[in-house]
Amino acid sequence: MKDLLASLILVSLSISTFAEVDEIVLQNDDRVSGELRGISANTVTIHTDYAGLLFLRQESVAFIVTNEPFVVVMKDGEEKIVAFDESIDVSTVVQARTSNNVMSHLTTSWSKQVTFSLAGTKGNSQTQNYSINGQSRLVRPKNEHLVSIDYLREHVEDETRKDTLDAKYRIRWIRGGKWFNTANVDYFRDPLKEVTWRAVVGLGGGAKLVDHSQEQFSFDVAASGVYETLENLREVSPAVRIGTDYQKWLFGGRVEAYQNNRLLWITQKSNGVLDSANGIRLAISAQFNFDLRATVQYETEPAADVKSADFTYSFGVGVIF
């Protein structure tokens, strides 16, 4: 009797374990079993017992079968909470995230990441301190939203030597094919450079020259207005804003290389401001990554006794949620 009871328990456990396994079927009919972690950036992430965390190109997946529901955002903008099965076309999914709360799907439409880093600087100050970088993106069939915030603070011997805040919001309206219209609002503050605050508002357009699951490159040009306060003097100036964005995913999505450049040319003062971020992200899991980045802020006509360029290098851990 005891042997029979033990056998029944083992069978029950086996069935329960099997039932919890998710399955990904690839276009070549290969199958990957494990725990689906999510879909984002054209990459399907699954954790397996035999190979750990795997990153699969979304275009290589035929369909997915899961036991638990996911928050799924489709390319047509529809949001729903559903378990994956053969009826869901994976190619039409923008994002898929786990959810313990049915109401949380409203916030999971935005992919979000916050990176906490140790940072060092060269230029107007040479110290080691901390930086925080946050980024959130929302992709829709006809528009894309991107919000980014960078904060760097250096406090040495009761003296604040650097306290910069750089926030950007951008929206793109897709016009068919590779072309899009764009609008942006930027805010920058750096008291050390005597920039009490600088706000840039612009409208323009651009194109996605490369756009697929492993590599993306786009550029945009916008006519802008610059509102700034320098040494208690408020100025309003016309400007041209030129931007480029590049991303490339390597090793099945485990490594992301990126480069973002913004050149603001203030025509009335013949002053150029370059903001460049370059880095590599290494995925640790579906929720964490290592982020190694270097940023450059360069101004052709800085304030008196202020160096033209500031370099910041940082290494940190990014949290994806």
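Strands are DSSP runs of type E with at least two residues, and they are numbered from the N terminus. The structure is a predicted model in which local features need pLDDT of at least 70 and side-chain atom pairs count only at pLDDT 80 or more, while totals for chains, interfaces and linings use all residues. Residues are numbered from 1 along each chain as its sequence is written, and side-chain values use heavy atoms, with hydrogens and water left out.

S270, in the loop between strand 17 (255–266) and strand 18, has a positive phi near 50 degrees. S270 is partly exposed, at 45% relative accessibility; this class lies between buried (under 20% relative accessible area) and exposed (over 50%), with a 1.4 Å probe and protein chains only. D29 lies in the loop between strand 1 and strand 2 and has a positive phi of about 75 degrees. With 59% relative accessibility, D29 counts as exposed. Most residues other than glycine have a negative phi.

The interior was described through nonpolar cores, that is, sets of buried Ala, Val, Leu, Ile, Met, Phe, Trp, Tyr and Cys residues joined through side-chain atoms within 4.5 Å. The largest core has 19 residues, of which I24, I39, V44, I64, F84 and V93 touch the most other members. At least two residues of this core come from each of several strands, including strand 1 (22–26), strand 2 (31–40) and strand 8 (93–98). A second, separate core has six residues, among them V200, V226, L264 and V273. I24 is in contact (heavy atoms within 4.5 Å) with residues including D30, V44, L56 and F63, leaving aside residues up to four places away in sequence.

Strand 19 (288–299) and strand 20 (309–320) each give two or more residues to the patch, and the largest share, three residues, comes from strand 19. L282 belongs to strand 18 (residues 271–283) and is partly exposed at 40% relative accessibility.

F290 and F315 also form a stacked aromatic pair, with 5.6 Å centre to centre and 25 degrees between the planes. Rings of Phe, Tyr and Trp (its six-membered ring) pair if their centres lie within 6.5 Å, and planes under 30 degrees apart count as stacked. Because F290 lies in strand 19 and F315 in strand 20, the pair ties together parts that are 25 residues apart in sequence.

Notes: Helices (H or I, at least four residues) and strands (E, at least two) are DSSP runs, numbered from the N terminus. Rings of Phe, Tyr and Trp (its six-membered ring) pair if their centres lie within 6.5 Å; planes under 30 degrees apart count as stacked, over 60 as edge-to-face and the rest as tilted.
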